[in-house]
Amino acid sequence: MLIELRRRYPSARIGLLADSPAHLHALIEGIGEPELLPSFDLWLDVDIGMHRTGSPAYLWRDTALPPCQWLPLVGLHGYDGHQPWSAT
């Protein structure tokens, strides 16, 4: 379905979120024939303390990201939905 979406809307920016280095490798291996597609944006999901999504920052820091022309890294994602905030 993702491939069909990418082909139907080639000028749309579509991002993929990798939850862990193993997930990133699965994304790269599982797409199939990326040379036939426009690139996808890659976001790395970083666990910022909630332990609900992503991998710890040190794991991403210590992992050599595989080179992948059709999946350029564009940013980081962190879920902070239940972190307490202070007005000061």
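# Structural report on a predicted protein chain

His51 is exposed, with a relative accessible area of 66%; here exposed means over 50%, buried under 20% and partly exposed in between, with a 1.4 Å probe and protein chains only. His51 is found in the loop between β2 and β3, and although His51 is not a glycine, its phi is positive, at about 60°.

The model is predicted, so local features need pLDDT of at least 70 and side-chain atom pairs count only at pLDDT 80 or more, whereas totals for chains, interfaces and linings use all residues. Residues are numbered from 1 along each chain as its sequence is written, and side-chain values use heavy atoms, with hydrogens and water left out.

## Overall architecture

The protein chain contains three helices and four strands. Both kinds of element are DSSP runs numbered from the N terminus: helices are H or I runs of at least four residues, and strands are E runs of at least two. Read from the N terminus, their order is α-β-α-β-β-α-β. Of the 88 residues in the protein chain, 28% count as buried. Its accessible surface, from the Shrake-Rupley method with a 1.4 Å probe and, for residues, only the protein chains shown as cover, comes to about 6200 Å². Carbon and sulfur atoms hold 57% of that surface. Among contacts (heavy atoms within 4.5 Å) with a separation of 6 or more, 75% link residues 24 or more positions apart.

## Strand pairing

Strand β2 takes part in each pairing listed below; two strands pair if DSSP finds at least two bridges between them. Six of the seven residues of β2 are buried, so that this strand is mostly covered.

| β1 (15-18) and β2 (41-47) | parallel | four bridges |

Gly15 has Asp41 of β2 as its partner. Trp43 stands opposite Gly75 in β4, and Val46 stands opposite Ser55 in β3.

The largest nonpolar core has 16 residues. Such a core is a set of buried Ala, Val, Leu, Ile, Met, Phe, Trp, Tyr and Cys residues joined through side-chain atoms within 4.5 Å. Ala18, Leu24, Phe40, Trp70 and Leu71 have the most contacts inside this core. Two or more core residues come from each of β1, α2 (21-30) and β2. In soluble globular proteins, nonpolar side chains tend to be buried together.

Leaving aside residues up to four places away in sequence, Ala18 touches His23, Leu24, Leu27, Leu42, Trp43, Leu44, Asp45 and Trp60.

Pro21, Leu24, Leu27 and Ile28 are the buried residues of α2. They lie on the same side of the helix because they cover an arc of only 115° around the axis, an arc taken from the directions between the helix axis and the C-beta atoms. On the other side of α2, Ala22, Glu29 and Gly30 are exposed. The buried residues of this helix pack against β1, β2, β3 (55-56) and α3 (57-61).

Ser55 belongs to strand β3 and is buried, with a relative accessible area of 5%. The side chain of Ser55 reaches the backbone oxygen of Asp19 at 2.8 Å. Apart from residues up to four places away in sequence, Ser55 touches Asp19, Ser20, Pro21, Asp45, Val46, Asp47 and Trp60.

Asp41, in strand β2, counts as buried at 12% relative accessibility. Its side chain is joined to that of Arg13 by a polar contact of 2.8 Å. A polar contact is a pair of N or O atoms within 3.5 Å; within protein, one atom must be able to donate a hydrogen and the other to accept it, and residues adjacent in sequence count only if both atoms are side-chain atoms. With residues up to four places away in sequence not counted, Asp41 touches Gly15, Leu16, Leu71, Pro72 and Val74, among others including Arg13 and Ile14.

Ile14 is found in the loop between α1 (2-8) and β1. This residue is buried, with a relative accessible area of 13%. Ile14 and Ser39 are 25 residues apart in sequence, and their C-alpha atoms are 8.3 Å apart in space. Beyond residues up to four places away in sequence, Ile14 touches Leu2, Leu5, Arg6, Phe40 and Asp41.
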